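Hi,

Here is the structure I promised to pass on. My notes follow below it.

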Amino acid sequence: MKQEMDDKSRMDLIAYRLKRSEETLEEAKFTASGGFYNAAINRLYYSSYYAVLALLLKDKINASTHSGVKSMFHLNYILTGKLPREIGKYFSTLMESRQSGDYEDFSYYDEDDYTRLLSMANSIFESISNYI
């Protein structure tokens, strides 16, 4: 049985996840500067994923898989109107792009793709940071 964490530990973990989200955005920029766009898009997705994990933890919502995190995010924040629908679409797009870039053969992203997805990741980070 999992023991529930106390409020201070939970707040510390939320802060850590938001910081990790911000750092991962910087990793994406660094990686893209070398022309490694598939890897940069991977980092953009993970930046958003860490922010969503922080958000779920804020409200003590558990999810153990990437698809579970996406489902809980949409169910509790997008469908309820707590966050704009476009933020949910952005997260889904980043997730699909990361999966494509990581697992599909002959899937290559370029600078334009990266720039478009960077804007989405920034919007997710800002929206979640402001909400928390």
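A nonpolar core here is a set of buried Ala, Val, Leu, Ile, Met, Phe, Trp, Tyr and Cys residues joined through side-chain atoms within 4.5 Å. Buried means under 20% relative accessible area, exposed over 50%, partly exposed in between (1.4 Å probe, protein chains only).

This is a predicted model: local features need pLDDT of at least 70, side-chain atom pairs count only at pLDDT 80 or more, and totals for chains, interfaces and linings use all residues. Residues are numbered from 1 along each chain as its sequence is written, and side-chain values use heavy atoms, with hydrogens and water left out.

The core first. The largest nonpolar core has 39 residues. L44, Y49, F73, L94, Y114 and I128 have the most contacts inside it. Helices 1, 2, 3, 4 and 5 each supply at least two of its residues. Helix 2 gives the largest share, 15 residues. Helices are DSSP runs (H or I, at least four residues), numbered from the N terminus.

Now helix 5, residues 111-131. Its buried residues include Y114, L118, I124 and I128. The buried residues pack against helix 1 (7-33), helix 2 (37-58), helix 3 (66-78) and helix 4 (85-103). D110 caps the N-terminal end: a side-chain oxygen lies 3.1 Å from the backbone nitrogen of D112.

Then R43, in helix 2. Why does R43 count as buried? Because its relative accessibility is 18%. R43 touches R20, T24, E27, A28 and Y50, not counting residues up to four places away in sequence (contact: heavy atoms within 4.5 Å).

Best wishes

Technical notes
Expected span 1.5 Å × (residues − 1). Polar contact = N/O pair within 3.5 Å; in protein donor to acceptor, adjacent residues only side chain to side chain.
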